[in-house]
Amino acid sequence: MAKEPVRVLVTGAAGQIGYALVPMIARGVMLGTDQPVILHMLDIPPAAEALNGVKMELVDAAFPLIKGDGVVATTDAVEACTGVNIAVMVGGFPRKEGMERKDVMSKNVSIYKAQASALEQHAAPNCKVLVVANPANTNALILKEFAPSIPAKNITCLTRLDHNRALGQISEKLNVQVSDVKNVIIWGNHSSSQYPDVNHATVNTAAGEKPVRELVKDDAWLNGEFITTVQQRGAAIIKARKLSSALSAASSACDHIRDWVLGTPEGTWVSMGVYSDGSYNVPAGLIYSFPVTCRNGEWTIVQGLSIDEFSRKKLDLTAEELSEEKALAYSCLS
Amino acid sequence: MAKNPLRVLVTGAAGQIGYALVPMIARGIMLGPDQPVILHMLDIEPAAEALNGVKMELIDAAFPLLKGVVATTDVVEACKDVNIAVMVGGFPRKEGMERKDVMSKNVSIYKAQASALEKHAAPNCKVLVVANPANTNALILKEFAPSIPAKNITCLTRLDHNRAMGQISERLKVHVSDVKNVIIWGNHSSTQYPDVNHATVTTSKGEKPVREAVADDNWLNTEFITTVQQRGAAIIKARKLSSALSAASSACDHIRDWVLGTPKGTWVSMGVYSDGSYGIPEGLIYSFPVTCEKGEWSIVKGLKVDEFSRAKMDATAEELAEEKTLAYSCLN
């Protein structure tokens, strides 16, 4: 018997990431090829015509998995949030040339405060939220603070893109299939202070699983260029494409939700920005990227991983940046 | 045991349709979730940096099925050993350009690509032409790649087919997966003929003819047809960009059904080399209803064609014959 459709909200759906993301959702990449979906797409009134164009294309593509009400395309946050089981928050105010960090933060804090309210009041119980729009961690934190009836564990931000980028860099360095690399970790903020950590990462070889550090045999690269490449990859994509990374962001958003809902494979963890409980001496009350496993629709931080001195500093640095962002965000609200 | 990877070429890969298409291929939407792929992406020199950006993103996405990416401006490297070729690259019509100018540029492109494919692609390479004028670009490709079997050269009308199903599903307020067996006849242009005379919709009482369920012949013979014919323009009007998402998705459907087979009792529309079926002139790439089995398409035979349909099928054939003449005149 066919499953009941799941309602998936994408905000900022008329934009580039939305355009890459919605066909992936409609094909079952996010929730499985046997899971029917109803898509809710939200954007701001200036984008209403473009948003309707996306809806038209979703109808034109004749996706078998789109069921129920089909596609809801709206500029009304209440209509957008009603009954949604998954919310992917791509909409936000992008930084424009000449804008100060405080200005971008201020605009986004207002947006996420308003969206928090709409979600809390209208989403389905146990709605899972993924914040993509930058500053992702802090937008997610604001959303959490202003939607107190949404369990904190249901509010996450995307660092799976950075995690996947790290896997990609290791696979290229070692000339192996990316599917043979696992258990990198992205710690902290989805920003250039993130810490891509391979100390527990492994590669599947003919002789079994080997530590990445052992196979790469180049600590200077792993502690230097590898880290900065992953941290700054977003800028590198913009330089090459003249547009930001919609394809890989959308794909990673699908991975984040899929693993959260359907579970991580045995022996594998992923990176998610989640509400810190103080693990690894990261301050509680931040949305911070940790290594997690997922089971039965819940994520759990992987505990007990050894943290060397080099890593400790990096974990703390990105936590510090997040604390500053939090203070800045709160100052915008006052 | 894991399957051997298949090589899939996308030309014009740095463009909008390419950007929508490559993640779909990398996720197994085109060839199945158990079929590893190696992507070959080709574009022109001015797009080399953007193309490399797409390659970077494909690596960044860590797709388990993607076993390699070749991003190149060299058509020989691009075509080498490819099993599937999706030809998205072409010269777009710009404001002020005459039809002859667009045709001329594309004819040159497809003549050159034909040569490269013929010499370097894997045997039995399946070709899908998307770039407009799709049917005629495909015909030129066929003419200049004589060692590629004509049956392996097709053009995309699955987008129009899917659009027709979408319109019927909206009209009847049913799921699109409950509608089937529409037909797109002819040219992927505004002379295409979206035909519902053999289409059905699944209801709680079994399969019903669409004409019966819609109960509005006037709409089916006029507005429905023009809506599907002009949908591309409607998308451009709304988005200010053309329909990359739905074109890419339909390209995946076209290849998937061709390679993996159509479901029982269901046909699809593909632009294929005409064998004279249904009174259509041979030697054109014309969209027909087809079923697919074991990697081969077959035109569905014996469907009744009424007078209204006959006129429309002939009109679009006429346009294709004119395009063919125009294309050949550009070569001289």
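B:Lys180 counts as buried, at 16% relative accessibility (buried is under 20% relative accessible area, exposed is over 50%, and partly exposed falls in between, with a 1.4 Å probe and protein chains only). This is a predicted model, in which local features need pLDDT of at least 70 and side-chain atom pairs count only at pLDDT 80 or more, while totals for chains, interfaces and linings use all residues. Residues are numbered from 1 along each chain as its sequence is written, chains are lettered from A and ligands numbered from 1 in the order in which they are written, and side-chain values use heavy atoms, with hydrogens and water left out.

As for its setting, B:Lys180 sits in strand β7 of chain B, residues 179-180 (helices, H or I of at least four residues, and strands, E of at least two, are DSSP runs numbered from the N terminus). Its side chain meets that of B:Glu207 in a polar contact of 3.4 Å. A polar contact here is a pair of N or O atoms within 3.5 Å; within protein, one must be able to donate a hydrogen and the other to accept it, and residues adjacent in sequence count only if both atoms are side-chain atoms. Not counting residues up to four places away in sequence, B:Lys180 touches B:Met165, B:Ala199, B:Thr200, B:Glu207, B:Lys264, B:Gly265 and B:Thr266 (contact means heavy atoms within 4.5 Å).

With neighbours within four places in sequence left aside, B:Asp257 is in contact with B:Arg158, B:Thr262, B:Val268 and B:Cys292.

Turning to the interface, 49 residues of chain A and 48 residues of chain B take part in the contact. Together the two chains bury about 3800 Å², with 58% of it on carbon and sulfur atoms; buried area is the accessible area (1.4 Å probe) that two parts lose on being put together, summed over both. On the chain B side, the most area is lost to chain A by B:Arg27, B:Asp60 and B:Leu245, which together make up 18% of what that side buries.

Polar links across this interface come to 24 residue pairs in polar contact, both residues at pLDDT 80 or more. The elements of chain B that each supply at least two residues to the side touching chain A are α1 (16-26), α2 (48-60), β3 (66-72), α6 (158-172), α10 (231-239) and α11 (244-260). Of these, α2(B) gives the largest share, 9 residues. Sorted by class, that side of chain B holds 25 nonpolar, 10 polar and 13 charged residues (nonpolar covers Ala, Val, Leu, Ile, Met, Phe, Trp, Tyr, Cys and Pro, charged covers Asp, Glu, Lys and Arg, and the others, Gly among them, count as polar). There are also 10 salt bridges between chain B and chain A, a salt bridge being a side-chain nitrogen of Lys or Arg within 4 Å of a carboxyl oxygen of Asp or Glu. A:Asp60 forms one with B:Arg163, their closest N and O atoms being 3.6 Å apart.

Next come the annotated sites. An unreviewed UniProt entry lists a "binding site" that includes B:Gly15 and B:Ala131; UniProt positions are given in the numbering used here, feature names are shortened, and annotations may be inferred rather than shown by experiment. B:Gly15 falls in the loop between β1 (6-11) and α1 of chain B and is partly exposed, at 28% relative accessibility. B:Ala131, in the loop between β5 (126-129) and α5 (134-143) of chain B, is buried, with a relative accessible area of 7%. Beyond neighbours within four places in sequence, the contacts of B:Ala131 are B:Met87, B:Val88, B:Gly89, B:Gly90, B:Tyr110 and B:Asn137.

The unreviewed UniProt entry also has a "binding site" annotation covering B:Arg93, B:Arg99, B:Asn132 and B:Arg163. These residues span 71 residues in sequence and their farthest two C-alpha atoms are 25.2 Å apart, so they do not all gather at one spot. B:Arg93 is in the loop between β4 (84-87) and α4 (99-120) of chain B and is exposed, with a relative accessible area of 53%. B:Arg99, in helix α4 of chain B, is partly exposed at 37%. Leaving aside neighbours within four places in sequence, B:Arg99 is in contact with B:Arg93, B:Glu319, B:Glu323 and B:Leu326.
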